[in-house]
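Please read it alongside the sequence and the coordinates.

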Amino acid sequence: MPEPIKICCTCSHGGHLNEMLQIQEAFEGHTVFYFCYDADTTRRLENRYLVPNMAKNPIEFLKNLVRVTRIFRKERPDLIVSTGAEIAIPVVLIGKLFRVPALYIECGAQVVRPSVTGRVMYWMAEEFYVQWPELLAAYGPRARFVGSLIDEAPAP
Amino acid sequence: MIYVTLGTMFLDFKRLVDVMDDIARDSGEQVIVQLGMSPTRPQHCAWFDFLPREEVLEIQRHARVIVGHAGIGTALDALSVGRPFVTVPRLKRFNEHMNDHQIEIAEAIERRGWGRKVMEMSEMAAVCANPPAVKADYRPNKAPLIGAVRAMVERVHRDRKG
């Protein structure tokens, strides 16, 4: 088998991080690093890059493009996984340049209405999952419901 | 003991802190509040800002009722310990959140019978005195989602260089 892959996990804190931690078992045997906002909860992570939580500030967005480029040059990830939110946008954008595929899981907080980040990621990510069947109708055919960390609805 | 959790949101949630403080004072029951970044401090409750997740879950396992903002992390943890769960959506008009998406979460939780949504703080004392039933067989459908993530990891692994 080839060497283990390196996975860039990117998410905000709060529920996004809670979800990211719950799917870690899918990464077993591989290497993970995080790109997150600086918060009490994210400081407890190992292998993490933390940036200021000023997502709506365009200067910070541009800075994140530079930061992610540097990090990707060093880390050379093979896959990006995100549970939201907008912190994923600069990561997946730079991922396009480095030809790193992305999996975006719409946060369970989005029940019936898409998030702004979700609308962008729907077109940018190679795979796009939602966690409530109610939300499928709001997206197009690229969106999939394959089970949920919160909902009991069966995956089709 | 009532456990109250405001999550990691950086905006104040004074409405909920104040009503829970009144309940602690009037009922004499212990109320423990996870405040996070909410600046309003209660007078009659025990409180902390953040604790390691395992310690927080341990407190929740011993709670008679869990009252939380309707954040998804809060919901995931509260549902996982199987205690009566009351949600209060943070609302934009009180500057408690940037939008009103927590109403959708609270409604989904109520629709599926996992907990009770409270919009009016005047109802809170009665709801805490008579909390909603726990859905004993609550079981989120995690395995297929984690399996799908694993499948993508394996596909990338297989395709890598050769």
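## A buried glutamine in chain A

Gln131(A) sits in the loop between β6 (127-129) and α5 (133-136) of chain A. The model is a predicted one. In it, Gln131(A) has 27 other C-beta atoms within 10 Å; the threshold for a buried residue is 20 or more, so Gln131(A) counts as buried.

Leaving aside neighbours within four places in sequence, the contacts of Gln131(A) are Ile105(A), Glu106(A), Gly108(A), Ser148(A), Leu149(A), Ile150(A) and Asp151(A). Leu93(A) is 38 residues from Gln131(A) in sequence, and the two C-alpha atoms are 23 Å apart in space.

## Confidence and overall layout of chain B

The model has an ipTM of 0.97 and a pTM of 0.92. For chain B the average pLDDT is 96, and 99% of the residues score at least 70.

Chain B has six helices and six strands. Read from the N terminus, its elements follow the order β-α-β-β-α-β-α-β-α-β-α-α. Along the principal axes, the C-alpha atoms of chain B fill a box of roughly 65 × 35 × 30 Å. Of the 162 residues in chain B, 41% are buried. Among contacts between residues at least 6 apart in sequence, 54% join residues at least 24 apart.

## The sheet of chain B

β1(B) is joined to strand β2 (residues 31-34) of chain B by four bridges, and the two run parallel. Within this pair, Ile2(B) has Val31(B) in β2(B) as its bridge partner. β1(B), α1(B) and β2(B) together make a right-handed β-α-β unit. Four bridges also join β1(B) to β4(B), again in parallel, and here the bridge partner of Thr5(B) is Gly68(B) in β4(B). β4(B) in turn is joined to β5(B) by four bridges, and these strands run parallel; Val67(B) stands opposite Val86(B) in β5(B).

In a regular strand the side chains alternate between the two faces of the sheet. In β1(B), Ile2(B) and Val4(B) point one way, while Tyr3(B) and Thr5(B) point the other way. All four of these residues are buried.

## The nonpolar core

The largest nonpolar core has 83 residues. Those that touch the most other members are Ile7(A), Val91(A), Val4(B), Met20(B), Val67(B) and Ile105(B). Helix α1 (residues 14-27) of chain B supplies the largest share of this core, six residues.

Which residues are in contact with Met20(B), leaving aside its neighbours within four places in sequence? They are Val4(B), Val31(B), Val33(B), Pro42(B), Cys45(B) and Val67(B).

## Helix α3 of chain B

Helix α3 (residues 72-81) of chain B is largely enclosed by the rest of the structure, because seven of its ten residues are buried. The buried residues are Ile72(B), Gly73(B), Thr74(B), Ala75(B), Asp77(B), Ala78(B) and Leu79(B).

After α3(B) comes Gly82(B), whose phi is positive, near 65°.

## The contact between the chains

In chain B, 32 residues are in contact with 39 residues of chain A. The elements that give two or more residues to this side of chain B are α3, α4 and α6 (142-159). α6(B) gives the most, with twelve residues. By class, the side of chain B that touches chain A has 18 nonpolar, seven polar and seven charged residues.

Conventions. Residues are numbered from 1 along each chain as its sequence is written. Chains are lettered from A and ligands numbered from 1 in the order in which they are written. This is a predicted model: local features need pLDDT of at least 70, side-chain atom pairs count only at pLDDT 80 or more; totals for chains, interfaces and linings use all residues. A residue is buried if 20 or more other C-beta atoms lie within 10 Å of its own, exposed if 12 or fewer, and partly exposed in between; C-beta atoms are placed from the backbone. Two residues are in contact if their C-beta atoms, placed from the backbone, lie within 7 Å. Ala, Val, Leu, Ile, Met, Phe, Trp, Tyr, Cys and Pro count as nonpolar, Asp, Glu, Lys and Arg as charged, and the others, Gly among them, as polar. Two strands pair if DSSP finds at least two bridges between them. A nonpolar core is a set of buried Ala, Val, Leu, Ile, Met, Phe, Trp, Tyr and Cys residues joined through C-beta atoms within 7 Å. pLDDT is the predictor's confidence in each residue, from 0 to 100. A crossover is right-handed if, with the strands pointing away from the viewer, the path from the first strand over the helix to the second runs clockwise.
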